[in-house]
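Hello,

Here is the structure I promised to pass on to you. Please have a look at it first, and then read my notes below.

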Amino acid sequence: MVLSMRTKLKIFAAAILLVLVVIGGGLAYFNFYVKTPEYTLKVIQESIQNHDVDEFNKYVNVDNVVAGVTNNMLDSIIASQTNLPEEAKVAMNSLATMFKAPIVASLQEGLNNYVKTGSWQSGNTTADAQGAMINSDMILEQSGLTDLTFEGIDYINTNEDNGTAEAGIKVTQSEINQPFVFKVSLEEQADGYWKVVSVDNFADFIKALEDGRKEFIKDYLSQTALIIIDKEKILTENEANLNAALNLGTLGSSQTRTDLKNDIENKILPQLKELQEALQSVEVPKSAETLHNLRLKACESKIAYYQDYAKWLDNKDIKTLREATDNLKKAKTMEYEANLLTKRIEGQIK
């Protein structure tokens, strides 16, 4: 069928009209969408992925968010000290006021660095009101922010009557391996765009973090106590047999020295290495890293002591015996310090 020119023009005009309607509708929808909380959260996420600090700051009131988070952190720390008398809490409030400025500076710097580079760490220090230097990375680490993984947006509730919205931002805190939903408040701006103005439940996050850390360290202490008791029971028996043989005063005998060396290499050292390997396999909470390193170093020094002692039973070199004695002193010192630190940690998590 051959269409007339008039029909062709009508079809062409209809097509043009349809395109204009589609484009106009798309523009209308886009203009509506960019002025929604959903769009703001999408742009914030993209600005972090693209390391665009200016775009991030356009949609987040950083000063207000950081100030609120800081207040939550300080309030949570004070509230957690349940055994303190009221006057002590008043004193802590005064100290908190002194530390507020450097904490705010640390969090602002960390957040800016995170958006810009993808890492919270900066390696910088800030000063408190008295000029004392405070490690920014330590503050960020204690806040739990450095171990967050974004999982998605849980919900968005918008109140168009008063121009406010609340969004649930789902994250996982990898240090304690627990999920958490931040309640984030947004406000509509004069130009119709929305902006994040606060995180409203950061105190709950700090509480969950502290509870999780306590449970993690309780598990660590319980697990390592079982390992140490199990391995050191046999080790103590073997060491007692060794000391009994030494007390006989027959080290001048080559057979005695050979027997002692065999006991060290075939009984004591394998037990110590099993203890070392068992400790190395344990998952360690950050707050127990110093304790764990002391335990491993003590074990390492004890292994070195018995290796040197076995060597001395062969070569009778006084230098080798001195090295063995030095390693034993190191092991005993670190074991003593580890025991003190264990008691201190146990007292803190009760």
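Ala298 is buried, with a relative accessible area of 4% (buried means under 20% relative accessible area, exposed over 50% and partly exposed in between, with a 1.4 Å probe and protein chains only). Please keep in mind that this is a predicted model, where local features need pLDDT of at least 70, side-chain atom pairs count only at pLDDT 80 or more, and totals for chains, interfaces and linings use all residues. Residues are numbered from 1 along each chain as its sequence is written, and side-chain values use heavy atoms, with hydrogens and water left out.

Ala298 sits in helix H9, residues 289-315. Apart from neighbours within four places in sequence, Ala298 is in contact with Ala331, Met334 and Glu335 (contact means heavy atoms within 4.5 Å).

**The loop with Asp191**

Asp191 belongs to the loop between strand S5 (178-188) and strand S6 (194-199). Asp191 is partly exposed, its relative accessible area being 46%.

**The chain as a whole**

There are ten helices and six strands in the chain (DSSP runs numbered from the N terminus: helices are H or I with at least four residues, strands E with at least two). Of its 350 residues, 37% count as buried. Among contacts between residues at least 6 apart in sequence, 60% join residues at least 24 apart.

Best wishes
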